[in-house]
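Subject: Structure handover

Hi,

Here is the structure we talked about. Please have it open while you read my notes below.

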Amino acid sequence: MTKQAIGVFDSGLGGLTILSALRRRLPKEDLIYFGDTANVPYGSKSKDAVTRFSLAIARFLQEQGVKLIVVACNTASALALAELRKQISVPVMGVIEPGAEKAVRTTRNGKIAVLGTEATVKSRAYPKAVLKRNKQAEVFQQACPLFVPLVEENWAQTPAARLTAETYLASVSKSGADTVILGCTHYPVLKPVISRILGKKVTLVDSADTLAEAVQTFLTGNGQAAQTGKGKLTVFASDDPHRFKRLAGCLLADKIGAVRLKKLNV
């Protein structure tokens with residue numbers, strides 16, 4: 001199984017932040033990335049819809065012979081992870097547990113804020129994961145539904161992004177949280193804006209590196225880590241692969257090569 005690829009999926013471009021972290025930490029691993037651009041954003045959709053999309057993608061990745069599936073989407077991790085683990089025969093890892101773990105280790109005053117999509121916030125997946133690790137923690141949540149479309153439209157550096165972030169983050173500043181979880185894989189693209197608004201005393205937790213570390217530990221512990229060669233990357237999008245590649249090039253330093261179209265069977 002050391003030669004088999006790792007499957008990674010997200011609702012769109014956001015999961016590329018996870019992909020980059022995996023490529024840095026596991027350069028020998030082959031990776032297959034699926035961006036569900038036909039159905040982005042997931043954050044405003046029902047649990048049933050997100051689960052159907054996630055299962056369709058996971059089945060496709062399973063058909064590609066992957067050894068592990070990484071759900072690089074907080075909404076899908078919050079709403080669909082349990083069902084994925086029931087119906088998919090390969091191991092499935094989500095992004096929420098590593099993010100919560102890092103936040104608990106990072107906070108100094110026990111006050112943690114979570115920025116997420118409406119669906120992730122409603123699920124209370126992050127508060128549950130944080131409180132499981134520290135029962136005394138105070139967890140504040142803030143839904144940021146406009147952040148994903150801002151990133152998907154490559155507007156992360158515009159005045160519109162700054163004004164939107166100021167509106168969402170006003171309540172976060174009042175909460176007194178010293179640690180803020182970026183609870184959507186699109187949000188690290190907005191990290192410079194968020195950091196300027198919240199100030200240097202607030203630590204932003206991007207779970208990408210923590211998740212990549214968890215993947216490495218899992219593969220090594222199970223004797224499945226690739227041992228030789230340079231890993232290759234294969235990218236699929238469920239709609240408009242040319243636009244996906246163009247925006248990915250604007251948002252990330254990494255080159256992703258060709259993007260193939262794969263429509264979902266849902």
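First, a convention for helix packing: axes are lines fitted to C-alpha atoms, for helices over the stretch in contact, and angles run from 0 to 180 degrees between N-to-C directions. Helices (H or I, at least four residues) and strands (E, at least two) are DSSP runs, numbered from the N terminus.

Then the ground rules. This is a predicted model, where local features need pLDDT of at least 70, side-chain atom pairs count only at pLDDT 80 or more, and totals for chains, interfaces and linings use all residues. Residues are numbered from 1 along each chain as its sequence is written, and side-chain values use heavy atoms, with hydrogens and water left out.

**α2 against α3**

Helix α2 covers residues 47-63. Its axis runs 9 Å from that of α3, at an angle of about 55°. The crossing is right-handed. By convention, a crossing is right-handed if the near helix is turned clockwise from the far one by less than a right angle, and left-handed if anticlockwise.

On the α2 side, the contact (heavy atoms within 4.5 Å) uses Lys 47, Val 50, Thr 51, Ser 54, Leu 55, Ala 58 and Arg 59. From α3 come Thr 75, Ala 76, Leu 79, Ala 80, Glu 83, Leu 84 and Gln 87. These residues split into 7 nonpolar, 4 polar and 3 charged. Here Ala, Val, Leu, Ile, Met, Phe, Trp, Tyr, Cys and Pro count as nonpolar, Asp, Glu, Lys and Arg as charged, and the others, Gly among them, as polar.

**Ser 77 in α3**

Ser 77 also sits in α3, which spans residues 74-87. Is Ser 77 buried or exposed? Ser 77 is buried, at a relative accessible area of 8%. The cut-offs: buried is under 20% relative accessible area, exposed over 50%, partly exposed in between (1.4 Å probe, protein chains only). A polar atom of the Ser 77 side chain lies 2.8 Å from the backbone oxygen of Cys 73. Beyond its neighbours within four places in sequence, Ser 77 is in contact with Val 71, Gly 94, Val 95 and Ile 96.

**α1 against α10**

Now the other helix pair. Helix α1 (residues 16-25) packs on helix α10 (residues 207-221) at about 50°, with the axes 8 Å apart. That makes α1 oblique to α10. This crossing is right-handed. Thr 17, Ile 18, Ala 21, Leu 22, Arg 24 and Arg 25 of α1 touch Ala 208, Asp 209, Leu 211, Ala 212, Glu 213, Val 215 and Gln 216 of α10. By type, the residues of this contact are 7 nonpolar, 2 polar and 4 charged.

How many residues of α1 are buried? The count is 7 of its 10, so the helix is mostly covered. The buried ones are Leu 16, Thr 17, Ile 18, Leu 19, Ser 20, Ala 21 and Leu 22. They pack against strands β1 (6-10), β2 (31-35), β3 (68-71) and β9 (233-237), and against helices α10 and α11 (241-251).

Setting aside neighbours within four places in sequence, Ser 20 is in contact with Leu 252 and Asp 254.

**Loops and backbone**

Pro 41 lies in the loop between β2 and α2. The peptide bond from Val 40 to Pro 41 is cis, with omega near 0°.

Which residues other than glycine have positive phi? Asn 154 is one, with phi near 60°. Asn 154 belongs to the loop between α7 (147-152) and α8 (159-175), and is partly exposed at 32% relative accessible area. Asp 240 is another, with phi near 45°. Asp 240 belongs to the loop between β9 and α11, and is partly exposed at 37%.

Last, Thr 228, in the loop between α10 and β9. Thr 228 is exposed, with a relative accessible area of 54%. Thr 228 and Thr 2 are 226 residues apart in sequence, yet their C-alpha atoms are 9.4 Å apart in space. Not counting residues up to four places away in sequence, Thr 228 touches Lys 3 and Lys 28.

Best wishes

Terms used:
A polar contact is a pair of N or O atoms within 3.5 Å; within protein, one must be able to donate a hydrogen and the other to accept it, and residues adjacent in sequence count only if both atoms are side-chain atoms. Angles under 35 degrees count as roughly parallel, over 145 as roughly antiparallel, 65 to 115 as roughly perpendicular and the rest as oblique.
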